[in-house]
Amino acid sequence: MLPITNSDPAFTLTRSSHVAIAVTDLARSRDFYRDVVGLVVTEETSDTVYMRGLEEAAHHSLILELAPEAKALHVGLRVRTDDDIVAAEKFFQENDIEHQRVERDHQGPTIRFRDAVGTRMELTSSMDVVPRKMQNYNEFVAGAPQRLDHYQCVTHDVQTATDFWTGLGMRMSEYTATDGTDELWGTWMEVKGNTHDLVFTNGRGPRLHHFAYAVPDGASLIHAADVAGSLGFGGEIDRGPGRHGISNALFLYLRDPDQHRVELFNTHYQFIDLETPPIRWDVTDPRRAQLWGMPASRRWFFEASEFPEEPVHEPLLQASPGTLEDYLGIH
């Protein structure tokens, strides 16, 4: 069933903001995201590294935290003002949603909570401001990522996840559904005016499939792949380069030393006008995943980062996607 966006939510979400992941070797992960991906190191301590894209004025969009086991810690969104944090607390309390106010270095008022399908989320209304580096072209390395753009999460129940987030004001820009029906297999939702801030796809969940940074152009993706190969991470190119059907984005996926997945992408479109309907894709249409190129590998479809102490559920919908291994077996 297609969701209806709440045009008057209890609080105002503005964009995807920051993600925190647990890593087992802090220096190695820092070097990967700095040298292979191209992020800026804002600050580092003995157990934490804060990083950002070149055009970002917020203190961080990626937090690496040293831990014995690699996990996805939380996915972060921004709200417009401190008052929205207060309104979110009231909403969560009234709707029996587990949440807590937390103190986070370099962030303003912050709340953590679990959404309707168990995704670990964080909301904040502000961050420390740092200088943008978007014209420091001498510091553009690897893919030269400009800004954090979106997340893709895996869930056992796409419908419930989508209903929850559209109830908080997100709009669905594109979706996949069982052929001839509106049974949801994947939903691309946004608040900032392009195709997605938060994506949910069907599978074992809750897990974080990837977080994504926008890059300047298609050539940046090729350069990132070349740099990955030069630095010994060619085998960690998880998918691409290619072009998605959904969002129309050029893409390259990489796996970090702990196998967290990061996407570099370019060229998706605006989704602002309220009268514009979402684009529908039949789940059997292979063009939704890529307009050209070979399909993704099994590990792209089935591997993702788990959240700590969060049970993983089998999906309500069962499918066997066509994988690269299947394709090569046929051809």
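Two strands count as paired if DSSP finds at least two bridges between them. Strands (E, at least two residues) and helices (H or I, at least four) are DSSP runs, numbered from the N terminus. The model is predicted: local features need pLDDT of at least 70, side-chain atom pairs count only at pLDDT 80 or more, and totals for chains, interfaces and linings use all residues. Residues are numbered from 1 along each chain as its sequence is written, and side-chain values use heavy atoms, with hydrogens and water left out.

E2 and E3 form a hairpin, with 3 residues between them. Their pairing is antiparallel and spans 4 bridges. Strand E3 covers residues 48–52. Within this pair, Glu43 has Tyr50 of E3 as its bridge partner.

Thr110 stands opposite Thr124 of E8.

An unreviewed UniProt entry lists "domain: VOC" at residues 15–126 and 147–267. UniProt positions follow the numbering used here, feature names are shortened, and annotations may be inferred rather than shown by experiment. Residues 15–126 are 22% helix and 42% strand, with the end C-alpha atoms 12 Å apart. For residues 147–267, the values are 18% helix and 45% strand, and the end C-alpha atoms lie 13 Å apart.

Arg171 is found in strand E10 (residues 171–177). Arg171 counts as buried because its relative accessibility is 13%; buried means under 20% relative accessible area, exposed over 50%, and partly exposed in between (1.4 Å probe, protein chains only). The Arg171 side chain reaches the backbone oxygen of Ile272 at 3.2 Å. That side chain also reaches the backbone oxygen of Thr276, at 3.5 Å. Neighbours within four places in sequence aside, Arg171 is in contact (heavy atoms within 4.5 Å) with residues including Thr5, Trp188, Glu190, Phe271 and Asp273.

Technical notes:
Polar contact = N/O pair within 3.5 Å; in protein donor to acceptor, adjacent residues only side chain to side chain.
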